[in-house]
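Welcome! Open the model in your viewer, and let's walk through it one selection at a time.

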Amino acid sequence: MKTKIINIGKIITWNPESNSLDVFCNKEILVENNIIVGIENSFNEDCNVIDAKQCILTPGFIDSHTHPIFIGNRSNEFQMRLNGNSYEDIKNAGGGILSSIKSLRDASFDELYEYSLNNIKPFISSGTTTLEAKSGYGLSVKDEIKSLQVIKKINDELLIDIIPTFLGAHAVPEEYKTDDYVDIICKEMIPQIAEEKLAIFCDVFCEDGYFDLDQSRKILETAKKYDLLPRIHADEFKCFGASELASEVGALSADHLMVINDRGIKALSQSDTVATILPGTTFFLNKDKYANGRRLIDNGCYVALASDFNPGTCTLRSLSNIMYLAMQHCGLTIEESFLGVTFNAAKSLKKEHSIGLIRNKYNADFIFWDIKELSEIPYWFDSSYTKINKIMKNGEIL
Ligand SMILES: [Zn+2]
């Protein structure tokens, strides 16, 4: 079945060859099944017709870093932080990541599925058509597998694509010493998850007090042996070589990077590892040190933007809002922000040959924006979703 999209205001897409934006006026798009098969002045095909009503078409947005598989919320911690309580105070009161772990372990599969589905649905109305989703609040063989099976079921249920990441190395559960838990990850979790094909990626929270360089390397090298692709949480709190490790193990992405140093930037710029910045977290925690996206780009890194949606440190889901924060606080231009939520985000998911651009042979993933200029996407901040006329994913209107 073919569909042509007519009466398009402008098509706006990144062009990786010229490294700049392409803006096409007076073009129509022909879609066959889920794929773009033509972009021409007009098509004489006798097929379904969608009138774009002069909307701007962009690729569907890609959120390459989210933690949506949880149950309950941690709004009490938000209040505690405002009252001056430290991270340690919150942890001592039974809060922080450990409270999310307890809730997830206590939940049945169906309860976790229902809650996580409702965590994910609002991404769609903000224009996200591909979502990376991490496990990481189970931290036992059974509960990590439960989390990944929930992702699989939600992916089957929704029309957007959800790409699963195993993040057993999110924290060390209270019942284990770190090295013993690393052994469980490497000897039990990774082999079983790979066997059941429940994840594409394996991620590690490589931070002081969580997983050090040697432990992170061991987990990611084991993952690679089982064909899980590495990605890494790096240089968020303390800089000790996590970005260099990302490039050493061939990670698809190194994420956060608020405190990355020159050596880390050099390592990322000389590799294919995408530098993913998450300004929503810095904003939500009201911290002053945003990742310096400008410096990363000026030194030749590929920079993607993602939401980092999670119950503790960031509840933002709108990538339009994340673009705004990246422009306001990380030194990115509108074009670089747009690149960060489209093509570079696709690259960080190893999907740059099928999503993130509007061109022949790419997935028919489009946002129809009722706007005149690209800059309106971040500009309308809390209401940018009201400027979305419709969304197409894999050739279907959502
Ligand atoms: Zn994260």
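Start by selecting Gly127, which comes after α4 and has a positive phi, near 100 degrees. Helices such as this one (H or I, at least four residues) and strands (E, at least two) are DSSP runs, numbered from the N terminus. Residues are numbered from 1 along each chain as its sequence is written. Keep in mind that this is a predicted model: local features need pLDDT of at least 70, side-chain atom pairs count only at pLDDT 80 or more, and totals for chains, interfaces and linings use all residues.

Next, select residues 109-125, the 17 residues of helix α4. From first C-alpha to last, α4 reaches 26 Å, close to the 24 Å expected at 1.5 Å a residue (1.5 Å times one less than its number of residues).

Now colour the buried residues of α4, among them Leu112, Tyr115, Asn119 and Phe123. Buried here means that 20 or more other C-beta atoms, placed from the backbone, lie within 10 Å of the residue's own. Show β8 (61-63), α3 (97-106), β9 (128-134) and α5 (141-157) too: the buried residues of α4 pack against them.

Zoom out and colour domain 1 (2-60 + 356-397) and domain 2 (61-348); these bounds come from an automatic or database domain assignment. Their centres, taken over C-alpha atoms, are 29 Å apart.

Where do they touch? In domain 1, 21 residues are in contact with 24 residues of domain 2, contact meaning C-beta atoms, placed from the backbone, within 7 Å. Finish on β17 (388-393), which gives the most to this side of domain 1, with three residues.

Key:
A residue is buried if 20 or more other C-beta atoms lie within 10 Å of its own, exposed if 12 or fewer, and partly exposed in between; C-beta atoms are placed from the backbone. Two residues are in contact if their C-beta atoms, placed from the backbone, lie within 7 Å.
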